[in-house]
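Please look first at the sequence and then at the fold, and keep both in view while you read the explanation that follows.

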Amino acid sequence: MKLNPFCMCCALNKQEQKIRHYPDMEKKTEYMKKVMALIANTEENDCAPSLSVDIQKLYSSFWNCPMEDFTKIKKEFNQLMLNMEASIEDKIRKANDPLEKALLYARIGNYIDFAALSNVDQSTVITLLDEKSSEALDEKEYENFLRDLSSARKLVYLTDNCGEVVLDKMAVKILKEQYPDLDITVIVRGYPVVNDATMEDAEEIGLTDLVKVIGNGSNVGGTWIPGINSESRELLYNADLIIAKGQGNFETLNDCGLNIYYLFLCKCDLFQRRFHAENLQGMFLNERRLVMEPV
């Protein structure tokens with residue numbers, strides 16, 4: 001998804017809010033000018049997540065402060081989901097369609113996003129897992145998904161956040177059981193970015209014991225094709241089917257033309273407008289059949 005006026009304004013507003021506590025007005029003005037210059041000089045293939053990396057680096061150097069460390073938060077939410085793993089898996093296996101139920105839980109886990117949401121807490125995660133698990137995926141798109149699965153040889157699963165990745169693991173487990181001949185590779189972020197899942201998280205939650213997992217070599221909050229490593233890029237282009245979790249993966253991959261099924265919760269005004277969705281409404285969309293109305 002190309003950089004657009006809504007994302008540009010959002011990035012700018014977030015930075016203004018982030019520096020409000022600093023007392024020096026002149027320095028704040030100087031900083032905002034630098035942020036605007038970054039936005040003004042973005043290139044054709046830039047997107048909101050790639051721009052975010054440059055802004056984070058600017059903030060850290062300009063204000064002489066280290067990047068925020070989400071290690072503790074990541075471990076906290078990974079452990080929360082690991083504590084619930086057995087009970088959720090039991091509900092998945094008792095469902096009429098375990099695969100759909102597993103994907104629904106994986107989608108709900110997309111709430112654990114400290115980049116898009118200002119207040120993420122454990123109690124809300126638990127409530128959403130209870131309230132939204134009875135929903136269904138888009139019926140027509142799910143039928144298309146099952147049809148693609150029936151003939152697919154290679155599937156790539158793109159993860160998003162910590163905690164959420166435990167629910168992704170359950171979805172992968174069901175996929176492996178129902179499609180034993182399917183070659184599945186999971187791709188996580190190459191380097192830490194906010195609370196996104198990396199190889200450390202994949203190992204911590206046991207995902208690497210279940211399936212092949214690789215890092216994408218990038219610190220962009222998504223799967224930005226110009227910035228990922230050649231191994232990840234090759235896997236994507238050779239995949240028959242891709243599951244991409246989260247808004248960041250949608251923002252970085254939309255318009256690429258690959259057979260991607262996007263699975264995420266709408267967490268910002270732009271997404272809610274484009275998809276006529278409510279806050280935290282779940283989406284299940286295919287890249288090749290996607291029609292977005294202008295906003």
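Which backbone oxygen lies 3.4 Å from a polar atom of the side chain of Ser-133? It is the backbone oxygen of Asp-130, and the side chain of Ser-133 also reaches the backbone oxygen of Leu-129, at 3.1 Å. A polar contact here is a pair of N or O atoms within 3.5 Å, where within protein one must be able to donate a hydrogen and the other to accept it, and residues adjacent in sequence count only if both atoms are side-chain atoms. This is a predicted model, in which local features need pLDDT of at least 70 and side-chain atom pairs count only at pLDDT 80 or more, while totals for chains, interfaces and linings use all residues. Residues are numbered from 1 along each chain as its sequence is written, and side-chain values use heavy atoms, with hydrogens and water left out.

Ser-133 is found in the loop between α6 (122–131) and α7 (139–151), helices being DSSP runs of H or I with at least four residues and strands runs of E with at least two, numbered from the N terminus. With a relative accessible area of 10%, Ser-133 is buried (under 20%; exposed is over 50% and partly exposed in between, with a 1.4 Å probe and protein chains only). Leaving aside residues up to four places away in sequence, Ser-133 touches Lys-101, Leu-104, Tyr-105, Ile-108 and Leu-128, contact meaning heavy atoms within 4.5 Å.

Turning to the sheet, six strands form an open sheet with mixed pairing, in the order β3-β2-β1-β4-β5-β6, where two strands pair if DSSP finds at least two bridges between them. The edge strands, β3 (212–215) and β6 (282–286), each pair on one side only.
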